[in-house]
Amino acid sequence: MKRLISALLMLCLLLPAAGLSEERLPRIKFPAANYIGVLDEDFAVAMEVSATGSFSGSKTLELRDQDGRVWDAKAYKPGQKLSFRTHLDESFLGGHDLSVWCGDTEISVNSAYIAVADKHRKAVAIPGTNVDTPENWMSVTLDCCYTDPHTDDILAVLDKYNVKATFFMAGEFVLTFPETAKKIRDAGHEIAAHSLSHPHLLTYHLDMRFKQVRRNVEIIREYLGVNPRLFRPPFGEFDFTISAPVRAEGMELVLWSIDSHDWDWEFAHNPENVIKRVTKNVGPGTVILFHLDGWNTPQVLDRMIPYYQDTLGLKLVTVSELVASAGIEIPPSPYED
């Protein structure tokens with residue numbers, strides 16, 4: 001019995017020396033890298049507890065964003081499950097990097113990004129409709145994805161008629177043809193975003209959808225020094241999982257009123273086919289889709305711009321100008337003060 005008591009006393013003396021009685025905070029992990037938040041609804045996330053921690057009583061754990069704003073706080077005891085819940089009002093709109101803290105110590109082993117947006121907000125220029133503008137304005141837009149054979153000719157035509165167009169650039173286009181992209185920028189045209197690699201976005205998982213949007217913006221900002229405020233989803237395909245990160249990046253989705261079909265060789269090898277398409281139902285608020293590598297696009301523009309200007313009496317402006325004239329506010333950019 002005396003030996004047992006002595007052994008217990010020795011163990012009690014050794015525990016502090018070994019550090020086993022010191023408090024240890026839990027280690028928390030987000031189960032996903034990206035989340036979608038819906039305006040006026042709750043966002044909830046169940047955390048993974050990778051190490052439960054060791055301490056007496058409870059600790060207050062906080063879900064915070066990059067600005068230090070506390071989204072939710074929970075009293076936690078070792079071994080408990082942990083989840084956070086936040087009601088997303090208008091003050092949460094935009095993109096946020098989330099992490100978990102205990103006092104001044106970050107205890108989440110990873111961070112998560114959430115894009116909070118209004119799922120009822122519509123895209124600009126749904127096919128077949130015009131932007132509701134009081135001005136006698138329309139817009140010519142060009143998607144830039146694969147090659148750049150007609151750049152000089154297209155820029156010359158636009159300059160000939162003193163027109164500023166909106167160019168939607170894929171990130172890989174900018175990486176492949178940086179001088180072409182800069183030439184378009186330097187000519188005073190509007191630069192907008194068009195995904196990273198021009199895929200069918202809805203076939204991708206959520207993380208890749210976010211990457212296609214956010215990396216596109218990053219490349220345009222890095223190579224062109226431009227903060228894009230408009231985004232056109234490839235093939236016009238999108239849902240809320242696309243529009244949410246787009247708007248969190250400070251952009252608005254823009255489709256088109258009329259697709260010229262200059263991308264279709266069987267149709268566009270005869271420029272008269274394209275001209276027929278881009279002549280019908282054109283009026284104030286029309287947004288026409290062309291392509292930088294479209295078939296016969298320079299020739300078509302050279303014929304159509306004077307028709308729009310002189311025959312229809314329309315002024316050709318950038319999409320941002322058209323959107324502003326319609327009273328549509330583009331979401332605030334996280335990259336501007």
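Student: In which loop does His198 lie?

Tutor: Please bear in mind that the model is predicted. His198 lies in the loop between β13 (190-193) and α5 (206-224).

Student: What is the phi of His198, and is the residue buried or exposed?

Tutor: Phi of His198 is near 60°, a positive value in a residue other than glycine. As for accessibility, a residue counts as buried under 20% relative accessible area and as exposed over 50%. His198 has 12% relative accessibility, so it counts as buried.

Student: Is Asn162 buried or exposed?

Tutor: Asn162 is exposed, because its relative accessible area is 67%. His198, by contrast, counts as buried.

Student: How is the packing of two helices described?

Tutor: Two packed helices are described by the angle between their axes and the distance between the axes. For α2 and α9, the angle is about 10° and the axes are 9 Å apart. Angles under 35 degrees count as roughly parallel. α2 and α9 are therefore roughly parallel to each other.

Student: Which residues make the contact between α2 and α9?

Tutor: From α2 come Asp153, Ile154, Val157, Leu158 and Lys160, and from α9 come Thr297, Pro298, Leu301, Asp302 and Ile305. By class, this contact has 6 nonpolar, 1 polar and 3 charged residues.

Student: Which residues does Thr297 contact, leaving aside its neighbours within four places in sequence?

Tutor: Thr297 lies in helix α9 (residues 297-311). With those neighbours left aside, Thr297 is in contact with Leu142, Ile154, Asp262, Phe290 and His291. Its relative accessibility is 1%, so Thr297 counts as buried.

Student: How far apart are the C-alpha atoms of Pro298 and Ala156?

Tutor: They are separated by 8.8 Å, although the two residues are 142 residues apart along the chain.

Student: At what angle do the axes of α2 and α4 cross?

Tutor: The axes of helix α2 (residues 151-160) and helix α4 (residues 178-186) cross at roughly 0° and come within 11 Å. α2 and α4 are therefore roughly parallel to each other. Thr151, Asp152 and Leu155 of α2 make the contact with Thr180, Lys183 and Ile184 of α4. The residues of this contact divide into 2 nonpolar, 2 polar and 2 charged.

Student: Let us turn to another loop. Where does Val317 lie, and is the residue buried or exposed?

Tutor: Val317 lies in the loop between β18 (315-316) and α10 (319-325). Its relative accessible area is 3%, so Val317 is buried. Not counting residues up to four places away in sequence, Val317 touches Trp137, Met138, Ser139, Val140, Lys164 and Leu322.

Student: How far apart are the C-alpha atoms of Val317 and Ile330?

Tutor: They are separated by 17 Å, and the two residues are 13 residues apart along the chain.

Student: How much space lies in the largest pocket, and which residues are closest to its centre?

Tutor: About 450 Å³ of space lies in the largest pocket. There are 21 lining residues, and Leu93, Gly94, Arg247, Pro331 and Pro332 are the closest to the centre. The elements that give two or more residues to this lining are β8 (94-102), β10 (112-117) and α6 (240-248). β8 provides the largest share, 3 residues. By class, the lining of the largest pocket has 10 nonpolar, 6 polar and 5 charged residues.

Student: Which residues lie nearest the centre of the second largest pocket?

Tutor: Tyr146, His198, Phe235, Trp263 and His291 lie nearest the centre, out of 16 lining residues. This brings us back to His198, whose phi is near 60°. The second largest pocket holds about 290 Å³ of space, and its lining divides into 8 nonpolar, 4 polar and 4 charged residues.

Terms used. Residues are numbered from 1 along each chain as its sequence is written. This is a predicted model: local features need pLDDT of at least 70, side-chain atom pairs count only at pLDDT 80 or more; totals for chains, interfaces and linings use all residues. Side-chain values use heavy atoms; hydrogens and water are left out. On a 1 Å grid over the protein atoms alone, a cavity is a set of points where a 1.4 Å probe fits but cannot get out, and a pocket is an open set with protein on both sides within 12 Å along at least five of seven lines; lining residues have an atom within 4 Å of a point. Grid points are joined across faces, edges and corners, and a volume is the space filled by probe spheres set on the points. Helices (H or I, at least four residues) and strands (E, at least two) are DSSP runs, numbered from the N terminus. Ala, Val, Leu, Ile, Met, Phe, Trp, Tyr, Cys and Pro count as nonpolar, Asp, Glu, Lys and Arg as charged, and the others, Gly among them, as polar. Axes are lines fitted to C-alpha atoms, for helices over the stretch in contact, and angles run from 0 to 180 degrees between N-to-C directions. Angles under 35 degrees count as roughly parallel, over 145 as roughly antiparallel, 65 to 115 as roughly perpendicular and the rest as oblique. Contact means heavy atoms within 4.5 Å. Buried means under 20% relative accessible area, exposed over 50%, partly exposed in between (1.4 Å probe, protein chains only).
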